[in-house]
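Please read the points below alongside the sequence and the coordinates.

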Amino acid sequence: MNKKVGFSDFAKGFYFVPLGGSEQFGVNFNLYCCDGKWVIMDCGIGFADERFPNVDILLPDPEFIEPYKNDIAGMVITHAHEDHVGAVPYLWPRLKCPIYATKFTAAVLRSKFHDFPNCKDAQIIEIDCDEVLDLHPFKIHFVHVAHSIPQAVSCVIETSYGRVVHSGDWNLDPTPVLGQPSDEARFRAFGDQGILAYIGDSTNAPIPGRAGSETQVLEGLETVLDGHEGRVLVTIFASNVSRIQSICRAAEKVGRSVCLLGRSLHRMTSNARACGYLDDIQEFVSEAQLPSLPADKTLIIATGSQGEARAALARIARGDWKGLKLGRSDVAVFSSKAIPGNEKDINNVKNNLSASGVRVIDPSNAGCRVHISGHPYRDEIRDMYEWLRPQLVVPVHGEHLMLEAQAELAHECGVEQTIIPHNGSVIRLGPGVPELIDHVETGVLAVEPQRIIKSNHAAISDRRKLQYSGAAHITVVLKGDGCLRYDPQMTLIGLIDPHSVEEAELLEDLQQEIEDTLLDLRDDGIDDDVRIEEDIRVACRRFLNNIFGFKPKVSIHLLRV
Ligand SMILES: [Zn+2]
Ligand SMILES: [Zn+2]
C-alpha cells in the first residue's frame with residue numbers, strides 16, 4: 001500500500017485497477033494492464049441521488065487512463081445494461097479505442113451512438129462466445145452467462161502471468177425464458193486449466209440461497225393476471241428483455257394486448273427483435289389504441305421502475321400522461337427491485353398510485369414471484385468457485401457490504417486469498433503473490449444537460465448548499481468616506497417569504513448589522529475593500545445563523561460611488 005506506482009511500474013506485470021463500480025452501485029469501469037497495455041472492461045453509468053441536484057446520471061472519470069490512451073488495446077462490454085454500457089457514448093471520444101461486444105450489446109450501443117455525433121467513428125467489433133479475441137498481450141475468451149438481458153458474457157483474460165475471470169453480471173437461472181443457462185462446462189474447463197483470480201459480481205453476495213428462475217416470474221405474473229378485470233401496468237427496467245418476454249407470454253395466456261410506454265422500451269425491443277429475440281410474441285398495440293381497448297384486455301409495460309420523475313410510470317402516477325388514467329380496479333406491478341439510493345423516489349410513485357386507488361404489487365407483497373434478480377446469490381457464487389477454483393477472489397460490482405460478503409464467502413469456500421478493492425485500487429496480479437500496491441485518483445463525472453463536470457466541481461457543492469441552506473446576495477454601495485451611499489440591496493433566496501411583513505422586517509435588522517460592521521471598520525481606520533467585504537459577509541452570515549440556526553451562502557458585492 002505504501003509503494004507509489006508510476007508509468008514505468010505498469011510497463012511490466014499484470015494489474016487490475018477498478019476505476020468505478022467497487023464500493024458503489026453502477027458506474028462500472030475496470031482496467032486491466034499487462035506489460036504496459038490496457039484493456040477496459042465495461043463503461044457504465046450510475047444514477048445520481050439528491051447529493052447531485054439537477055444531475056440524473058453519473059459517469060466514471062477516465063482521467064487516470066487518458067495518458068495511456070495509445071496503449072489501450074480495446075474496451076470490452078460484457079452486456080448491454082446501462083451500468084456497463086451507458087457511459088460509452090460519453091467517454092469514447094476521450095479514449096477512441098476499439099469496442100468489443102456481442103451482437104445484441106453492439107446493437108444497443110449503435111442505437112445509443114445515433115444521439116452522439118462525436119462517436120460516429122467508433123469502431124464496434126462483434127464477438128462470439130466460440131472465438132478468442134487476441135489483444136496482445138491479452139487473449140480474451142467469452143463464456144455465455146444467464147442474466148436479465150440477452151448475450152451477457154463473462155470474460156476469461158489470459159496473460160503470461162495467469163488467467164483471470166472477469167465475471168460481468170450473471171446468475172445460474174436453470175431455466176431462463178430467453179437464451180441458455182450459464183455455461184457451466186466451459187467454466188469448469190477453464191477451472192481445470194488454472195485460474196489466478198476471479199473478479200466478480202457481488203450484488204447479491206449477502207443473500208443466502210439462489211436467485212431462482214425467470215420461469216417462476218412467468219408463473220407469478222400469470223397468477224397476478226388471473227381473474228383480474230381492470231387494467232394491469234407492469235414496470236420494469238427497459239433492458240430486461242427476458243422480463244418483456246415473460247410479461248408478453250403471461251398477457252397472451254389471458255388474452256390481454258400489450259402496449260409499451262417509454263422510449264427506452266421501444267428502443268430495447270427493436271434492438272432485441274433485430275437480433276432474433278421476441279419474435280414469437282404478439283405484436284404490441286400502439287399508445288394511440290390504448291383508450292379504445294377494454295380494461296381487462298390491456299396490459300401496459302412502462303419504464304420508470306426506479307421512480308425516475310420523467311419516466312412513463314411517474315407521469316402516469318401523477319395523472320400527467322395523456323390518454324391513460326389509472327384508478328380503482330387497476331393494478332400496478334413493480335417487476336423489479338430498487339437500486340440502492342432510489343427507494344425514496346420509488347415510494348413517491350407508489351404513494352401517488354395508491355392515492356388514485358391503484359393496487360400496488362411489488363416483490364415484497366405479491367405472494368408469488370414477480371421479479372427475480374439477474375445476479376448470483378451465495379449458493380450460485382459458491383458453485384462458481386467450485387468450478388473455477390481461483391487462487392484469489394476480488395469482489396467488485398457492489399457497495400462495500402456486498403464486497404465484504406463475497407470476500408467472507410470466498411474464505412468460507414477455502415479460497416486462498418481475497419482482496420477487497422476501492423475505486424482506484426491498484427492490484428498487482430502478477431508476477432508473485434497478488435497484492436494491493438497503490439491507489440490512483442478516481443471519481444465520478446456528473447452529466448448536466450449541456451456539459452459534463454467532475455462531481456467535486458464547485459458548482460455541484462454550491463448547488464447542494466443552496467438547496468439546503470439558501471443564499472443571501474447583498475450589494476453595498478459606499479461613498480468615498482466609507483459611509484453608505486444607498487441602503488444595501490438584499491436578496492434572500494430560500495430563507496424568507498418576501499410577502500410576509502413580519503419576515504421582511506428581518507431585512508431591516510440585517511441592514512442594521514451591515515451599518516454596525518461598517519462603523520466598526522471606520523472607527524479602526526480600515527479602507528481596504530477586500531477586508532470590508534469579508535467582514536460584512538462574516539457578520540451577515542453570523543446574523544442569519546442566529547436567526548435560522550444554519551449558515552446560508554452569503555455573497556457581498558461592494559461598490560464605491
Ligand atoms: Zn447487468
Ligand atoms: Zn451490473
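The numbered points below cover the basis of the model, the overall chain, the metal sites and the nonpolar cores.

1. Basis of the model. This is a predicted model, in which local features need pLDDT of at least 70 and side-chain atom pairs count only at pLDDT 80 or more, while totals for chains, interfaces and linings use all residues. Residues are numbered from 1 along each chain as its sequence is written, chains are lettered from A and ligands numbered from 1 in the order in which they are written, and side-chain values use heavy atoms, with hydrogens and water left out.

2. Overall chain. The chain has 15 helices and 27 strands; these are DSSP runs numbered from the N terminus, helices being H or I with at least four residues and strands E with at least two. Along the principal axes, the C-alpha atoms fill a box of roughly 85 × 70 × 45 Å. Of the 561 residues, 56% are buried (buried means under 20% relative accessible area, exposed over 50%, partly exposed in between, with a 1.4 Å probe and protein chains only). Among contacts with a separation of 6 or more, 72% join residues 24 or more positions apart; a contact means heavy atoms within 4.5 Å.

3. Domains. The chain is divided into domain 1 (12–209 + 373–454), domain 2 (214–361) and domain 3 (470–560), with bounds that come from an automatic or database domain assignment. The centres of domain 1 and domain 3, taken over C-alpha atoms, are separated by 53 Å.

4. Zinc ion (ligand 1). H79 (NE2), H81 (ND1), H147 (NE2) and D169 (OD) coordinate this ion at 2.1 to 2.3 Å. Donors are N, O and S atoms within 2.8 Å of the metal (3.2 Å for Na, K and Ca), and water is not among the atoms, so sites may look incomplete. The spacing of the donor residues in sequence is H-x1-H-x65-H-x21-D. The four donor atoms make angles of 89 to 165°, and the site is irregular. Four donors count as tetrahedral if all angles lie between 85 and 135 degrees; four count as square planar and six as octahedral if opposite donors are over 155 degrees apart and all others between 65 and 115; anything else is irregular.

5. Zinc ion (ligand 2). The donors here are D83 (OD), H84 (NE2), D169 (OD) and H397 (NE2), at 2.1 to 2.2 Å. This site is also irregular, with angles of 87 to 159° among its four donor atoms. D83 is buried at a relative accessible area of 13%, and H84 is buried at 2%.

6. The bridge. Which residue coordinates both zinc ions? D169 does, and the two ions are 3.5 Å apart. Both H81 and D169 are buried.

7. Main nonpolar core. The largest nonpolar core has 41 residues, and those with the most contacts inside it are F104, I244, V258, L299, I301 and V333. Such a core is a set of buried Ala, Val, Leu, Ile, Met, Phe, Trp, Tyr and Cys residues joined through side-chain atoms within 4.5 Å. The largest share, six residues, comes from α7. Domain 1 and domain 2 both give residues to this core, so it lies between them.

8. Further packing. Beyond its neighbours within four places in sequence, V333 is in contact with V224, V232, L233, V234, T235, I361 and V370. A second, separate core of 39 residues includes I40, A101, F113 and A122.
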